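Let's take a friendly tour of the aromatic rings in this model. Here are the sequence and the structure to follow along with.

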There are 2 protein chains.
Amino acid sequence: MTFYDKLNTAWQKNNSLLCVGLDPEVSKFPKHIQKLDNCIFEFNKQIIDATAEFACSFKPQFAHYAAVGAEDQLQQTIAYIKKNYPDLIVILDSKRGDIGSTAKMYAQESFERYSADAVTVNPYLGKDSLDPFLEYKDKGTIVLCRTSNASAKDFQDIKADGKTVYEKVAEEAVSSWNYNQNVLLVIGATYPEELGKIRKIAPQIPFLVPGIGAQGGDVQAVLKAGLDTNKCGLLINSSRGIIYASNGEDFADVARSEAKKLCEQINQFRN
Amino acid sequence: MTFYDKLNTAWQKNNSLLCVGLDPEVSKFPKHIQKLDNCIFEFNKQIIDATAEFACSFKPQFAHYAAVGAEDQLQQTIAYIKKNYPDLIVILDSKRGDIGSTAKMYAQESFERYSADAVTVNPYLGKDSLDPFLEYKDKGTIVLCRTSNASAKDFQDIKADGKTVYEKVAEEAVSSWNYNQNVLLVIGATYPEELGKIRKIAPQIPFLVPGIGAQGGDVQAVLKAGLDTNKCGLLINSSRGIIYASNGEDFADVARSEAKKLCEQINQFRN
């Protein structure tokens, strides 16, 4: 089974393209959760149980755990998802990027220590920095292409011979990195025009699209530009818009409503 | 005190440009160390005590700790250096790179959780992904420019308007990122020609130069191309060549000899 097969199963499971970002910040938690031991895991668990029915994937963002020394709770979170929702995809969003011998250790971290299904990586160091991830055939390697932030243009838009750096990343993904059918690209929801260009270069590569909600990306524009010919091919991430929709005792219920709403909104535009 | 002041103190302390890379891999440790509890920290401690006299800096490489869940020993290692060798610089080599709100958490991780003096970062996401690090005035932000690996060329050498991506990174470092005098650049020892070009663009920016030893970089060529007008401006890193020079009971003594030799070799070429 290739990673793409696994991803297809995840999309079909709940008929959803929604990826729920798990970016825990204790100060944003409801008061009754903040008081608990292991409160990051407890918060995540309730969010996961509330939203899983409307999602294809969960994406824990590494910095939110690393900043506060909560690696154990990151591990518990991933294990909880894999045990209870085995058809969904867990993306470790850690944007790794280093020379080959070190990349090998990051692949070990992502896929063996944490047992994530996929990991985000940075292409700046080129192919030999990606290979140690790509060699895990049943795991996904999600390469930054055109990111969602304002300064994305600084280097990603540098244009040589009529082609931007991000377009070159997409071309390499198609022509040289996808030998195990496990490459995805990150493209910010805030740039639907660029998303459309990249879809033309890489018609069959799935995209992870962050930037909906708090960052201002528009769902309809993303779908119009990014869907593949099967009206699929996207993992649309929302983090803050779902998990912090309420900071009251009803936070999980409200997160569930927001996930349901976004999943349905996406499906409405797909059809 | 700016970070550059701190770095000058570190260079002068032992009259050394040598940075010792702490890339622990338990299978490469001497047998008697492998048996110890907390063996990564125990290994590092002996290496640190043996080599500190010939170094300006230590650089723990994050993946080597993250792959095996040894964040606590990474923290102990950094605390040990800062307590016992307070004039030397600790570089956390974790090559972070993410959007601003997340970069802020990585800066917190690097400078508050681990209390590193400097951290390596990836420029692919542009200026707003670097600012949260740069804003820590007394901490160093070490930006990847031209890396030491073979595939470095894939994206770093893309040339627009007569200028490569890595040259543009160096220009931005000079013109727009260095508002707190705390920017450094990473340039691989394996590419002395590129190193020379970058020194011309950024005459006053310190460079972290990995790739000596195991990766094949030549010390003399690096110094010729990379020294600044004060015959300084470089942190020349060696990891495997020092810490795994012996895997016998004499490993710390042999590491000490190798560090001494490399420090002296560098100084010989400087004068």
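B:Phe43 is buried, at a relative accessible area of 1% (buried means under 20% relative accessible area, with a 1.4 Å probe and protein chains only). B:Phe251 counts as buried too, because its relative accessibility is 0%.

The ring centres of B:Phe43 and B:Phe251 are 5.3 Å apart and the planes meet at 10°, so this pair is stacked. Rings of Phe, Tyr and Trp (its six-membered ring) pair if their centres lie within 6.5 Å, and planes under 30 degrees apart count as stacked, over 60 as edge-to-face and the rest as tilted. Distant parts of the chain are linked here: B:Phe43 belongs to helix α3 (residues 39–51) of chain B and B:Phe251 to helix α13 (residues 251–270) of chain B, 208 residues apart. Helices are DSSP runs of H or I with at least four residues, numbered from the N terminus.

## About the model

This is a predicted model, where local features need pLDDT of at least 70 and side-chain atom pairs count only at pLDDT 80 or more, while totals for chains, interfaces and linings use all residues. Residues are numbered from 1 along each chain as its sequence is written, chains are lettered from A and ligands numbered from 1 in the order in which they are written, and side-chain values use heavy atoms, leaving out hydrogens and water.

## Across the chains

Over all chains, a search of the whole structure finds 15 aromatic pairs. One of them is edge-to-face: A:Phe155 and B:Trp177, 6.1 Å centre to centre with 75° between the planes.

Key. Helices (H or I, at least four residues) and strands (E, at least two) are DSSP runs, numbered from the N terminus. Buried means under 20% relative accessible area, exposed over 50%, partly exposed in between (1.4 Å probe, protein chains only).
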